[in-house]
Amino acid sequence: MNFVSKREKRLWVTAFLGLLSIYCTLGVVRDWFLMVESTGWGSYLFVLVSSLILLTVVTQWMTSIPNLKEMGVTSGIILVYWFVFSQISFPEERIHIIMYGVVALLIHAALLERSVGGQKIPVSFLIVIVVTSLFGTIDEIIQIQLPNRVFDVHDILYNFVASGMAVGSNASLRWARK
């Protein structure tokens, strides 16, 4: 694959490494969750990590103090994520929203970088959602082979929702900044 810039290459490599880390930890992640939950700190740790990721994503492109529109959009994004998290009972399922949201953002950023380099990518948001959902489906197929994991259609839906929310949030913030 020919990259239009070093940044695009870095984004694709980071997305690939993120997916690789997701796939490589499938066999142990449930045990980690159970261990953390048994300490009573599971919910607090999840909120802390989620908040740090959200803060990183929201502030990544900030070059100045946000205006009122940006703060309103950011507040709306936080509310949407809070609502989605509150509707998902199990932490292992919530983590799909975070992991595949980050993967979707990396893929979307790589496609945007490619378009800045002169190669127009039509409906990049749709490509990102489909590709990220496909990677999430591969995640579930891998789990069929693992003794302590199961294939779950709900997780595929969470991966789809995660990519849509991430790309939608990114687009909303980009709109608010213009």
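## Packing of α4 and α7

In this predicted model, α4 contributes Lys69, Glu70, Val73, Thr74, Ile77, Val80, Tyr81 and Val84 to a contact with α7, where the partners are Ala162, Met165, Ala166, Ser169, Ser172, Leu173, Trp175, Ala176 and Arg177. By residue type, the contact of α4 with α7 consists of eleven nonpolar, three polar and three charged residues.

The axes of α4 and α7 lie 8 Å apart, and the angle at which the two helices pack is about 170°. Because angles over 145 degrees count as roughly antiparallel, α4 is described as roughly antiparallel to α7.

## Packing of α1 and α6

A second pair is formed by α1 and α6, the latter covering residues 124–144, whose axes come within 10 Å and cross at roughly 20°. The two helices are therefore roughly parallel to each other, and the crossing of α1 and α6 is right-handed.

On the α1 side the residues in contact are Leu19, Ile22 and Tyr23, which meet Phe135, Ile138, Asp139 and Ile142 in α6. Six of the residues in this contact of α1 with α6 are nonpolar and one is charged, while none is polar.

## The nonpolar core

The largest nonpolar core has 36 residues, and those with the most contacts inside it are Tyr23, Tyr81, Phe85, Ile97, Tyr100, Ile107 and Val128. Two or more residues of this core come from each of α1 (6–24), α2 (29–38), α4 (68–87), α5 (91–116) and α7 (153–177), and the largest share, twelve residues, belongs to α5.

Beyond its neighbours within four places in sequence, Phe85 is in contact with Phe46, Ser50, Arg94, Ile97 and Ile98.

Conventions:
Residues are numbered from 1 along each chain as its sequence is written. This is a predicted model: local features need pLDDT of at least 70, side-chain atom pairs count only at pLDDT 80 or more; totals for chains, interfaces and linings use all residues. Side-chain values use heavy atoms; hydrogens and water are left out. A nonpolar core is a set of buried Ala, Val, Leu, Ile, Met, Phe, Trp, Tyr and Cys residues joined through side-chain atoms within 4.5 Å. Buried means under 20% relative accessible area, exposed over 50%, partly exposed in between (1.4 Å probe, protein chains only). Helices (H or I, at least four residues) and strands (E, at least two) are DSSP runs, numbered from the N terminus. Contact means heavy atoms within 4.5 Å. Axes are lines fitted to C-alpha atoms, for helices over the stretch in contact, and angles run from 0 to 180 degrees between N-to-C directions. Angles under 35 degrees count as roughly parallel, over 145 as roughly antiparallel, 65 to 115 as roughly perpendicular and the rest as oblique. Ala, Val, Leu, Ile, Met, Phe, Trp, Tyr, Cys and Pro count as nonpolar, Asp, Glu, Lys and Arg as charged, and the others, Gly among them, as polar. A crossing is left-handed if the near helix is turned anticlockwise from the far one by less than a right angle, and right-handed if clockwise.
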